[in-house]
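Try each task before you read its solution.

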Number of protein chains: 2
Amino acid sequence: MNVLLVYAHPEPRSLNGSLKDFTIKRLQAAGHAVQVSDLYAMNWKAPLDADDSLGRADNSRFDPSLDSKRAFEEGLQSADIAREQEKLLWADTLLLQFPLWWFSMPAILKGWVERVYAYGFAYGVGEHSDARWGDRYGEGTLAGKRAMLIVSAGGWESHYGPRGINGPMDDLLFPIHHGILYYPGFDVLPPFVIYRTGRIDEARFARICEELGQRLDQLQQTAPIAFRPQNAGAYRIPELTLHPDVATDQQGFAAHLM
Amino acid sequence: MNVLLVYAHPEPRSLNGSLKDFTIKRLQAAGHAVQVSDLYAMNWKAPLDADDSLGRADNSRFDPSLDSKRAFEEGLQSADIAREQEKLLWADTLLLQFPLWWFSMPAILKGWVERVYAYGFAYGVGEHSDARWGDRYGEGTLAGKRAMLIVSAGGWESHYGPRGINGPMDDLLFPIHHGILYYPGFDVLPPFVIYRTGRIDEARFARICEELGQRLDQLQQTAPIAFRPQNAGAYRIPELTLHPDVATDQQGFAAHLM
């Protein structure tokens, strides 16, 4: 299996750095091929801007979507973007590893998503009609591949529980799981989350590695989160709301789970 | 009133650029003082890293929290960070204006939050004991100030409705409203959201300006979102879960609303 690990932490000598090294070794020992996009080490350009689309007319108005579309179609994307797209096409499984900063992914990783997820590659794919609203949410360029988050959080697990003050971790991660990974086609595995990272001694680190190792060993067997595909009948098109007879009386993120 | 507008769009000749200009004029015409942090125009550095904390020993291990704490306490923050903190302290009201990209704020704005929200400034503030868990979620450095999002989205309003495929807009914005704005003390006003931005003719643009103008005129009178303060009895400490007799049988983001 080919695994792409996209990793976002500024310090190699951190918990995240150690777990990144552990992950690579574990996967390689199992015979998998691993590529790593270490975004801080690569000095990844975070902001999406006009420089991402080559060959633009001087002083023309930059449109993030339309310029992305043209650049993708005409092979005029910035080289760093095209390279990451190649890695995604190569991969059978994508791992995104990051510390939860302000309840989402670090800016450098968000900028990887924004720039690599070109129009025609990750969105704006497929037919838009009365019957279909593009190949997305379960279909798309990356369909058939799997993805999993490896996330560290400073707070306690209870702070992220069903009635925890920060909001439930599953809901905080929904925009990533559903909106960033399921959207272009990935099957999304339950995340691996480490809490209370300020209190990790050697024994706990060993337990975390043991648990993470098991998750890595099971990447191909683990059941994905059962999101509802967009174009299989659950949603009205073009309103893209759930049909009244689907998840009746439910609303919010959880209604999009089967 | 002093208003800080933090704005994140790469193209001045965009809908967002036009609304930014409109906002500044409207506020100034009403007699308010306005400062603008135009993050793309400022070439804002998005990734949080060791360069944000001056005076670090060469080759020392970078800890995002502890280095931020030391730099904030000792006046050794990168100058761009300190400048934005000054603007926040000056402001009575903060506006964050951005296009919704992949269901959250653009990377460059996320990086503004991560870098400007230093330890001791936006988190790690106040006493941590059995009775209090820091000055946060309704208390903190920025308490007494107001904040509001101005957000544009390409999708339709129904796609972001209670049963819309993208998830409800209020839930998508909860990590920003509650986790980024309410956390350091802001009173958070309901957001101003523009949908279906690909289809805006002159008449619709005029209507949007009319509605936005009313919201700007009412910044000081609008009732904030009624989030529950952390240290006023609704939460067990240190678990930080809602007491059983508060919002009984509720869970998820909505349980944190009074």
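The exercises below go from the chain interface to a helix and then to aromatic pairs.

This is a predicted model, in which local features need pLDDT of at least 70 and side-chain atom pairs count only at pLDDT 80 or more, while totals for chains, interfaces and linings use all residues. Residues are numbered from 1 along each chain as its sequence is written, chains are lettered from A and ligands numbered from 1 in the order in which they are written, and side-chain values use heavy atoms, with hydrogens and water left out.

**Exercise 1. Describe the interface of chain B and chain A.**

Step 1: Start with contacts (heavy atoms within 4.5 Å). Here 70 residues of chain B touch 70 residues of chain A.

Step 2: Turn to buried area, the accessible area (1.4 Å probe) that two parts lose on being put together, summed over both. The two chains bury about 5,300 Å² between them, with 63% of that coming from carbon and sulfur atoms. On the chain B side, W102(B), R163(B) and I165(B) supply 20% of the area buried against chain A, more than any other three residues.

Step 3: Look for salt bridges (a side-chain nitrogen of Lys or Arg within 4 Å of a carboxyl oxygen of Asp or Glu). Between chain B and chain A the count is zero.

**Exercise 2. Find how α5(B) is placed.**

Step 1: Helices (H or I, at least four residues) and strands (E, at least two) are DSSP runs, numbered from the N terminus. With seven residues, α5(B) gives the most to the side of chain B that touches chain A.

Step 2: Check burial, where buried means under 20% relative accessible area, exposed over 50%, and partly exposed in between (1.4 Å probe, protein chains only). In α5(B), 12 of the 14 residues are buried, including L172(B), F174(B) and H178(B).

Step 3: Ask what covers them. The cover includes α5 (169–182) of chain A, as well as β3 (93–99) and α4 of chain B.

**Exercise 3. Classify two aromatic pairs.**

Step 1: Rings of Phe, Tyr and Trp (its six-membered ring) pair if their centres lie within 6.5 Å; planes under 30 degrees apart count as stacked, over 60 as edge-to-face and the rest as tilted. Over all chains, there are 29 aromatic pairs.

Step 2: Y182(A) and F227(A) have ring centres 5.2 Å apart and planes at 45°, so this pair is tilted. Both residues are buried.

Step 3: For Y119(B) and Y123(B), the centres are 5.1 Å apart and the planes at 65°, so the pair is edge-to-face. Y119(B) is partly exposed, at 22% relative accessible area.
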